[in-house]
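Please read it alongside the sequence and the 3D view.

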Amino acid sequence: MSELVFIKLGGSVITDKQADEVANIDVIGRLAREIAAALAVRPDLRVVLGHGSGSFGHVYAARYSVRDGCYDEHGRRDMTGYVLTGAAAGRLNRVMTDALVESGVPAVSVQPSALLNCVDGAVQHMDTRVIEQLLAQGCVPLVYGDVALDSVRGCTIASTEMIFEYLAPRLHPARMLMVGQVDGVYTGDPTLDPTARRIACISPDRYDKVRGWLSASNATDVTGGMLSKVESLLRLVTDLDGLSVRLFSGVIPRQLEVALIDSDYAAGTLVARQDKG
């Protein structure tokens, strides 16, 4: 039996989010090699990869209010931001695709903006046939945070989390691995608060206890902070039987490789229907 795993490589780990369009080439290469190594050990794995836009698309998206429909400083519709954001996201995706292929991962870039449409900031429809066919052929579909046309706003941003949230009920992954800079979800921002503690497990029945600890990123992030990410993941694990999500750091060498191979590897924070401890 094969196991389908969704992996998201966050913009915080693959780019320098404090600088414009700076990719962390060494980290990207290492993560690509870790995925290749895991697939060699676990040939039964099927993988859908996604990555954030980090300092590439987010900068233009924030500057031109792309999430809210692309407006200039005078409040007039201006699709310049849509064009620039999509182009920047594509540039980072090219870097990711090349690194994966060079490492031996059969990754195929799938441009989300060509396959989906949104309604008032939410993904309404995405054509999943290409992704399904790539998986059937043993390839690794690679999606990413991208611009999207929107029937209400004109345009918006479709984050990798939004895309995964749409794909999960249709493709039924067993696991999601959300790889960022920080090793899981903390009671505060661990980069600013030395007393912040890692939360080992978040489940629906204890979410109220941890909700107040969750905070947005301290860098530019137009897709929302940790609070919105965890809330969407909780909805998924509640709605989809058997799905678990693990959030952990991609900065720690081999952590992605081991987590991909071993579903019981206790890295970072587990988001699950029932509390695991």
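Helices (H or I, at least four residues) and strands (E, at least two) are DSSP runs, numbered from the N terminus. Helix α3 is followed by serine 65, whose phi is positive, near 50°. The model is predicted: local features need pLDDT of at least 70, side-chain atom pairs count only at pLDDT 80 or more, and totals for chains, interfaces and linings use all residues. Residues are numbered from 1 along each chain as its sequence is written, and side-chain values use heavy atoms, with hydrogens and water left out.

**Packing of α3 and α4**
- The axes of α3 (residues 54-63) and α4 (residues 80-102) lie 7 Å apart at an angle of about 170°; axes are lines fitted to C-alpha atoms, for helices over the stretch in contact, and angles run from 0 to 180 degrees between N-to-C directions.
- The two helices are therefore roughly antiparallel (angles over 145 degrees).
- Contacts (heavy atoms within 4.5 Å) join Phe56, Gly57, Tyr60 and Ala61 of α3 to α4 residues including Leu84, Ala88 and Leu92.

**Burial of α3**
- Because 8 of its 10 residues are buried, α3 is largely enclosed by the rest of the structure; buried means under 20% relative accessible area (1.4 Å probe, protein chains only).
- The cover over these buried residues includes α1 (11-14), α4 and β8 (154-158).

**Nonpolar cores**
- The largest nonpolar core has 40 residues, and Phe6, Ile131, Met176 and Ile202 have the most contacts inside it; such a core is a set of buried Ala, Val, Leu, Ile, Met, Phe, Trp, Tyr and Cys residues joined through side-chain atoms within 4.5 Å.
- Helix α6 (residues 160-171) gives the most to this core, with 7 residues.

Technical notes:
Parallel < 35°, antiparallel > 145°, perpendicular 65-115°, else oblique. Buried < 20%, exposed > 50% of the residue type's maximum accessible area, 1.4 Å probe, protein only.
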